[in-house]
Amino acid sequence: MKTAVEELSPTRVKLTVEVPFEELEPSLEAAYKKVAQQVRVPGFRPGKVPARIIEQRFGRAVVLEETLNDALPKLYGQAVDETDLFPVSQPEIEVTKIEDGSQVEFTAEVDVRPSFEIPDFQGAEVVVDVAEVSDEDIQTQLDALRQRFATLTGVDRAAASGDYVVMDLRAEIDGKNLEEQQAADVSYEVGAGSVLQGLDEALEGLSAGEEKTFRTTLVGGENAGDEADVIINVKSVKEKVLPELDDEFAQLASEFDTLDELKDSIREQARRNKLVEQVMQSREKALDALLEKIDIPLPESALKAEIDARTHNLEHQIAESGLSREAFFRLYQTTEDERFAEFEDSAAKALKSGFVLDKIVKAEEIGVSEQELTNFVVRRAMQLGVAPNTLAQHLADNDQLTLAMMEIVREKAKTVVGDAAKVTDEAGNEVDIKAIYAELNPEQEAEGVEEAGVQEPGSQEESAE
């Protein structure tokens with residue numbers, strides 16, 4: 001087989017592949033067997049029709065077409081491997097010559113990863129947050145912990161922001177009650193910011209047993225987007241009572257006997273989380289700095305696929321939410337135009353990052369061990385709330401293990417870039433990433449914080465229990 005490559009653009013090539021006919025023999029034999037199973041010829045059992053009879057009755061072209069259907073995907077893959085190309089789209093294949101018994105020629109146009117060089121990234125200067133834990137950090141975590149152990153106590157007064165009410169809701173349009181727009185015994189925190197505009201304002205000042213009507217736009221159901229009258233009937237008002245910060249609270253909320261011990265534990269976990277955050281920031285910022293040095297034309301088909309995937313996920317989220325589009329975007333404090341503009345930017349960056357990281361993976365000969373794949377599946381299963389074996393089976397059944405391994409090696413490549421950077425914090429202090437690895441995970445220092453067994457930043461209150 002002989003392959004020639006023609007560059008149509010920096011991101012698209014045309015392969016011209018010449019294949020001697022003898023290389024098609026396995027596919028030719030398979031084609032005869034397949035056609036023999038499909039045709040019915042008097043005097044022959046299915047699958048037993050001789051080749052010469054097939055050609056006499058149905059023509060040689062039928063067999064050649066089946067042969068090429070079987071052979072071309074394999075031959076295309078072989079041609080790609082031999083030319084060291086990196087396709088990023090499905091090829092457009094065209095058979096340009098068939099010389100029966102001699103050779104076959106076909107072309108394949110495909111978008112590919114553009115050619116580029118990775119500049120030296122050793123010593124890139126990046127600045128990360130300071131890892132110092134302040135008293136305010138500790139208080140924030142303590143306040144969050146108190147919120148988790150707060151109690152609700154009934155009060156004989158009007159509802160105010162921060163109170164919880166239990167209420168019945170119903171909606172009417174032109175005096176007609178909407179059956180699907182009714183809810184009983186709904187518990188809601190006043191001031192929480194409902195997607196039902198006007199609800200918080202209507203609740204403030206209402207006492208148990210009182211009723212109020214306000215006009216708003218419905219956000220879900222068949223009448224989503226319509227103006228309606230919503231009637232609230234408040235059944236009870238409760239205020240949140242936070243526990244006192246004392247030794248008794250420490251014993252209730254954690255394994256510690258005193259408040260000082262709880263504070264010390266929170267401070268230490270917060271410090272470790274800030275160290276993890278420094279490592280993560282160093283990797284992201286070092287990669288960003290590297291990306292700024294490289295100008296890479298992006299294949300349109302690959303960029304469109306990235307944007308389409310994000311759009312599909314968003315549409316699925318909107319459908320699952322049961323909200324109108326307007327209410328959905330209001331809930332996330334953005335607009336549809338802003339979200340789609342964000343998709344274009346994030347898709348372009350993701351595509352460019354993938355190209356750069358893949359090249360580093362190849363240059364550094366980065367691989368994936370069985371243990372690393374297992375650890376990845378376990379971590380991802382915990383995030384998704386499923387059993388690791390279930391996720392592993394799902395990945396295998398849907399041919400996604402390759403994608404999982406790609407994610408692992410790209411993360412390792414990002415670590416290579418981050419570890420090569422010169423890192424300082426915002427106070428001008430040098431940050432020793434290797435020393436952080438050693439502290440967080442002394443037994444597996446070289447593998448970095450991915451295997452450190454520490455919690456993600458922001459989960460200190462969980463560690464206190």
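This is a predicted model: local features need pLDDT of at least 70, side-chain atom pairs count only at pLDDT 80 or more; totals for chains, interfaces and linings use all residues.

Q: Which residues touch the most other members of the largest nonpolar core?

A: Start with the general idea: in soluble globular proteins, nonpolar side chains tend to be buried together. In this structure, the largest nonpolar core has 33 residues, and Leu290, Val356, Ile360, Val423, Ile433 and Ile436 touch the most other members.

Q: Which elements give two or more residues to this core?

A: Look for strand 5 (125-128), helix 7 (259-292), helix 10 (336-364), helix 13 (401-419) and helix 14 (433-440). Helix 7 supplies the largest share, 7 residues. There is also a second, separate core of 22 residues, which includes Phe21, Tyr76, Ala79 and Val80.

Q: Now for the helices. At what angle do helix 7 and helix 10 pack?

A: Two packed helices are described by the angle between their axes and the distance between the axes. For helix 7 and helix 10, the angle is about 95 degrees and the axes are 11 Å apart. Angles of 65 to 115 degrees count as roughly perpendicular, so helix 7 is roughly perpendicular to helix 10.

Q: Which residues meet there?

A: From helix 7 come Leu287, Asp288, Leu290 and Leu291, and they meet Lys349, Lys352, Ser353, Val356, Leu357 and Ile360 in helix 10. Sorted by class, this contact has 6 nonpolar, 1 polar and 3 charged residues.

Q: Which residues of helix 11 are buried?

A: A handy idea first: an α-helix has 3.6 residues a turn, so residues three or four places apart point the same way. In helix 11 (residues 370-384), the buried residues are Glu372, Leu373, Asn375, Phe376, Val377 and Ala381. They pack against helix 12 (388-397) and helix 13. After helix 11 comes glycine 385, with a positive phi near 75 degrees.

Q: How do the axes of helix 11 and helix 13 cross?

A: Use the angle and the distance again. These axes come within 10 Å and cross at roughly 100 degrees, and helix 11 and helix 13 are therefore roughly perpendicular to each other. Glu372, Leu373, Phe376 and Arg380 of helix 11 make the contact with Leu401, Ala404, Met405, Glu407, Ile408 and Lys412 of helix 13. By class, the contact has 6 nonpolar, no polar and 4 charged residues.

Notes. Residues are numbered from 1 along each chain as its sequence is written. Side-chain values use heavy atoms; hydrogens and water are left out. A nonpolar core is a set of buried Ala, Val, Leu, Ile, Met, Phe, Trp, Tyr and Cys residues joined through side-chain atoms within 4.5 Å. Buried means under 20% relative accessible area, exposed over 50%, partly exposed in between (1.4 Å probe, protein chains only). Helices (H or I, at least four residues) and strands (E, at least two) are DSSP runs, numbered from the N terminus. Axes are lines fitted to C-alpha atoms, for helices over the stretch in contact, and angles run from 0 to 180 degrees between N-to-C directions. Angles under 35 degrees count as roughly parallel, over 145 as roughly antiparallel, 65 to 115 as roughly perpendicular and the rest as oblique. Contact means heavy atoms within 4.5 Å. Ala, Val, Leu, Ile, Met, Phe, Trp, Tyr, Cys and Pro count as nonpolar, Asp, Glu, Lys and Arg as charged, and the others, Gly among them, as polar.
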